[in-house]
Amino acid sequence: MDTNVLKTFIAVCEHSGFSAAAKALGYTQSTVSTQIKQLEKELQVTLFERYYHKISLTENGILVLKQARNILNEQDKMLSSINSGKRIEGEIRLAMSSSICNRYFKKDFLCFHRKYPGIQVKITECDTKQMFDMLCKNEADMVFTLDRHIYDSDFVICAEQEEKVHFIASTDNAALKRKWTLNELCENEFVLTERRMSYRAILNETLASKSLEIRPVLEIGNPIQICELVKNSNLLSFLPDFITEEYVRNAQIKRLTVEDSLTTVWTQLLIHKNKWRSPAIHAFTEFYKEVMQKP
């Protein structure tokens, strides 16, 4: 039984609702609902009575709540006992995209390292398919994705966050003076991340559904280098807002208005349901869950 699902169940009880629990945990409401259904299926009981948009615990739900709290308390005691009097050490293998690496492995990682100097982190940058291949083969302990929202019962969502994505241009580019459709935009010159990389792959699927295609003059994995190229040229690109935020704030890049464009992707930190969570992995997930919940 996944203890994270128990934490979700307890949060729903304590916050008296799925949406409030989702906000507190940093999940989507659909993720919370799916985890509760998963728990009910595993235990073969109904945990909540649902009526008029309100929920209340069933008799079985009250029993499970008590036992869930006991299980998590015992888990905390065990981890405290194991880690008492010694620092947490170990290696963590992560698979992720370059964009995620640029976002979370600057100041955030330095804070993590100061708190846990005995933990070594090894990062492999790759596309989403390769990430999950590595996770299933136990070649990676966790994956940090930037993609469409992923939910699979084989994987546990440790943390997640919705992200906005936009087409971008330099502030001197004449493209800023008008609204665009995808069809019109495809006639411009682009620099993009590699074809199979997360949000680029979703963009390609969106374009293909409209019988469109962008053939970039350059494909490159480093999103910061893409921003540098865009701000100094008439090239366009397509990147998450968190990548372009500083360039937009400094009036070097602006976001284009495109009527029928993809606008949302998700950052998710996931682990395989059968993966043993070492103290190092537990420390990492708790630290980055808190980081991702910050506004």
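User: At what angle do helix α2 and helix α3 pack, and is that roughly parallel or roughly perpendicular?
Analyst: In this predicted model, α2 covers residues 18–25 and α3 covers residues 29–43. Their axes lie 8 Å apart, and the angle is about 110°. Angles of 65 to 115 degrees count as roughly perpendicular. That makes α2 and α3 roughly perpendicular.

User: How do the residues of the contact of α2 with α3 divide into nonpolar, polar and charged?
Analyst: From α2 come Phe-18, Ser-19 and Ala-22. They meet Gln-29, Val-32, Ser-33 and Ile-36 of α3. The division is 4 nonpolar, 3 polar and no charged.

User: Which element has the lowest mean pLDDT, and which the highest?
Analyst: The mean pLDDT of the protein chain is 88, with 97% of its residues at 70 or more. Helix α4 (residues 59–83) has the lowest element mean, 81. The highest, 96, belongs to strand β7 (residues 191–192).

User: How far apart are the end C-alpha atoms of helix α1?
Analyst: Helix α1 runs over residues 3–15, which is 13 residues. At 1.5 Å a residue, α1 should span 18 Å. The end C-alpha atoms agree with that, at 18 Å.

User: Which residue follows α1, and what is its phi?
Analyst: Within α1, the buried residues include Val-5, Leu-6, Phe-9 and Ile-10. After α1 comes Ser-16. The phi of Ser-16 is positive, near 55°.

User: Is Cys-101 buried or exposed?
Analyst: Cys-101 sits in helix α5 (residues 98–104). Its relative accessibility is 16%. Buried means under 20%. Therefore Cys-101 counts as buried.

User: How far apart in space are Cys-101 and Glu-125?
Analyst: Leaving aside neighbours within four places in sequence, Cys-101 is in contact with Met-96, Ile-123 and Glu-125. Cys-101 and Glu-125 are 24 residues apart in sequence. C-alpha to C-alpha, they are separated by 8.0 Å.

User: Which residues does Ser-261 touch, not counting residues up to four places away in sequence?
Analyst: Ser-261 lies in the loop between β10 (253–255) and β11 (264–272). At 16% relative accessibility, Ser-261 is buried. The residues touched are Phe-167, Leu-182 and Phe-238.

Terms used. Residues numbered from 1 in each chain as written. Predicted model: local features only at pLDDT ≥ 70, side-chain atom pairs only at ≥ 80, totals over all residues. Heavy atoms only, no water. pLDDT = per-residue confidence, 0-100. Helix = DSSP H or I, 4+ residues; strand = E, 2+ residues; numbered from the N terminus. Buried < 20%, exposed > 50% of the residue type's maximum accessible area, 1.4 Å probe, protein only. Contact = heavy atoms within 4.5 Å. Axes fitted to C-alpha atoms, helices over the stretch in contact; angles between N-to-C directions. Parallel < 35°, antiparallel > 145°, perpendicular 65-115°, else oblique. Nonpolar A, V, L, I, M, F, W, Y, C, P; charged D, E, K, R; others polar. Expected span 1.5 Å × (residues − 1).
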